[in-house]
Amino acid sequence: MSMSSSIRRGIPSIKWTINQVLKATINLLFLLIFKFKFNLRPPNIHCFLLGLVISLSCYPSFAQASNSITINQSNIAKPLTIQGTSGGGITAQEISQTEKTTTGYCKGYVSPQPNHLLKLESFWEFLRLEVASQADTTILVKGAGGVWCNDDAGTTNPIIEGQWQPGLYQVWVGSYQANSTNDYQIKITGK
Ligand SMILES: [Ca+2]
């Protein structure tokens, strides 16, 4: 609930996330193939495929696929709005691994998996994520270049804005109170 306002930020992106996903997937495939000793004829092929589907759907980075959004110049000509439910059982600091970032304090409670995955196809001189909610929310953005948090930006809802490098960004929206889930919207504007 600190009153730190948002600060401009700018830094690299996160390519390691994709690498981690690929490595995990390859490891999983090797494990499954080994387990079935290369005997993939029916009915084992069905077990193999079922196991693969279940495993991938349980893997966080795949589970969030439905919340992925690509941002480019054409779809952000007008402000873009995405929505979700904030909060979770772990502190934002467990994700950020720091109490404070250049954009503010890492407060609130979040889920282990990010609420959104943003893919930026190009460099943005200015991009703003502005959370709107009836509740007191926080935000955490994580990329290869670092992590950025914000708690309150004028209201009890946060903003993160500034320069963004192209790449993938994980976005968490937290609730200030533990075990409190709240609907929110994020308005994304850029130029
Ligand atoms: Ca807040």
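The protein chain has 4 helices and 14 strands. The model is predicted. Of the 191 residues of the chain, 34% count as buried. Taking contacts between residues at least 6 apart in sequence, 79% join residues at least 24 apart.

**Nonpolar core**

The largest nonpolar core holds 27 residues. The members that touch the most other members are Ala92, Ile139, Leu140, Val141, Cys149 and Trp172. Strand E13 (residues 167-175) supplies the largest share of this core, 5 residues. In soluble globular proteins, nonpolar side chains tend to be buried together.

Leu140 shows what surrounds one of these members. Leaving aside residues up to four places away in sequence, Leu140 touches Ala92, Ile95, Ser96, Cys106, Val110, Val147, Cys149, Trp172 and Gly174.

**Strand E13 and its partners**

Is E13 covered or exposed? E13 is mostly covered, with 9 of its 9 residues buried. Strand E8 (residues 116-120) runs antiparallel to E13, and strand E10 (residues 137-143) also pairs with E13 in the antiparallel sense. The table gives the bridges for each pairing.

| Strand paired with E13 | Bridges | Sense |
|---|---|---|
| E8 (residues 116-120) | 5 bridges | antiparallel |
| E10 (residues 137-143) | 6 bridges | antiparallel |

Individual bridges place the strands against each other. Leu120 has Gly167 as its bridge partner in E13, while the partner of Thr138 in E13 is Gly174. Gly174 is also among the residues that Leu140 touches.

Terms used
Residues are numbered from 1 along each chain as its sequence is written. This is a predicted model: local features need pLDDT of at least 70, side-chain atom pairs count only at pLDDT 80 or more; totals for chains, interfaces and linings use all residues. A nonpolar core is a set of buried Ala, Val, Leu, Ile, Met, Phe, Trp, Tyr and Cys residues joined through C-beta atoms within 7 Å. A residue is buried if 20 or more other C-beta atoms lie within 10 Å of its own, exposed if 12 or fewer, and partly exposed in between; C-beta atoms are placed from the backbone. Helices (H or I, at least four residues) and strands (E, at least two) are DSSP runs, numbered from the N terminus. Two residues are in contact if their C-beta atoms, placed from the backbone, lie within 7 Å. Two strands pair if DSSP finds at least two bridges between them.
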